[in-house]
Amino acid sequence: AAAAGATTRRTAKMVKCASLDDVYEQFDDVLATFRPSHVSHSGEYLNVLCFAITRAPRGLADNLDVEQRLIADVGAFVRARSARLHDVGVRRITLVVALSNGEFPRYYTFRDRNQYAEDATFRHFE
């Protein structure tokens, strides 16, 4: 928690990646750019992280199985790093996936309060 009179700061980072593999490769390096433990007065983590992917996995636009696999894989990847995410105060990770057919991008949000599982309530909301 911040000391009395100290300013509590929220940091947001957005990283553009070509593919989901690039997200996995860059993830730890991006986390290293956050300062340790940004926590609000109420004890909640403050920081947010967004990865924008320019090349969607094949079939994402029209195959529910592909989408479910993406959510499961990213969720497992993020949950495996939950201790590090807590260390740097990340409360939310959003994955934005551009579709090649020009449709509105897909949004997937993984929240600390859900143990970094995807929060389907916010799926595809910017």
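Author: Start with a term: a residue is buried when its relative accessible area is under 20%, and exposed when that area is over 50%. The model is a predicted one. The part to look at is helix H2, residues 64-79, and what surrounds it.

First, the helix itself. H2 has 16 residues. From its first C-alpha to its last it reaches 22 Å, close to the 22 Å expected at 1.5 Å a residue. Its buried residues are Val66, Glu67, Leu70, Ile71, Val74, Gly75, Phe77 and Val78. Viewed down the axis of H2, these residues fall within an arc of 165°, so they line one face of the helix. That buried set packs against H1, helix H3 (82-87), S3, S4 and S5.

Next, the sheet. Five strands make an open sheet, ordered S1-S2-S3-S4-S5, with mixed pairing. Its edges are strand S1 (12-17) and strand S5 (117-118), each of which pairs on one side only. Strand S3 (residues 90-97) and strand S4 (residues 106-111) pair in the antiparallel sense, over 6 bridges. Within that pair, Ile93 has Phe110 of S4 as its bridge partner. H2 packs on the sheet and touches S3, S4 and S5. Its direction makes about 35° with that of S4. Another helix, H1 (residues 20-31), lies across S1, strand S2 (47-53) and S3, and runs at about 155° to S2.

Nonpolar side chains tend to be buried together in soluble globular proteins. Here the largest nonpolar core holds 28 residues, and Phe27, Leu49, Phe51 and Leu95 touch the most other members. S1, H1, S2, H2, S3 and S4 each supply at least two residues. H2 gives the largest share, 6 residues. Leu95 shows how the parts meet. Leaving aside residues up to four places away in sequence, Leu95 touches Leu20, Val23, Phe51, Ile53, Leu70, Val74, Arg106, Tyr107 and Tyr108. Two of these contacts, Leu70 and Val74, are among the buried residues of H2.

Gln115 has a positive phi of about 55° although it is not a glycine. Tyr116, also a residue other than glycine, has a positive phi near 65°. Gln115 counts as exposed, because its relative accessibility is 55%. Tyr116 has a relative accessibility of 1%, so it counts as buried.

How values were computed
Residues numbered from 1 in each chain as written. Predicted model: local features only at pLDDT ≥ 70, side-chain atom pairs only at ≥ 80, totals over all residues. Heavy atoms only, no water. Pairing = 2+ DSSP bridges. Helix = DSSP H or I, 4+ residues; strand = E, 2+ residues; numbered from the N terminus. Contact = heavy atoms within 4.5 Å. Axes fitted to C-alpha atoms, helices over the stretch in contact; angles between N-to-C directions. Core = buried A, V, L, I, M, F, W, Y, C linked by side-chain atoms within 4.5 Å. Buried < 20%, exposed > 50% of the residue type's maximum accessible area, 1.4 Å probe, protein only. Expected span 1.5 Å × (residues − 1). Arc of directions from axis to C-beta.
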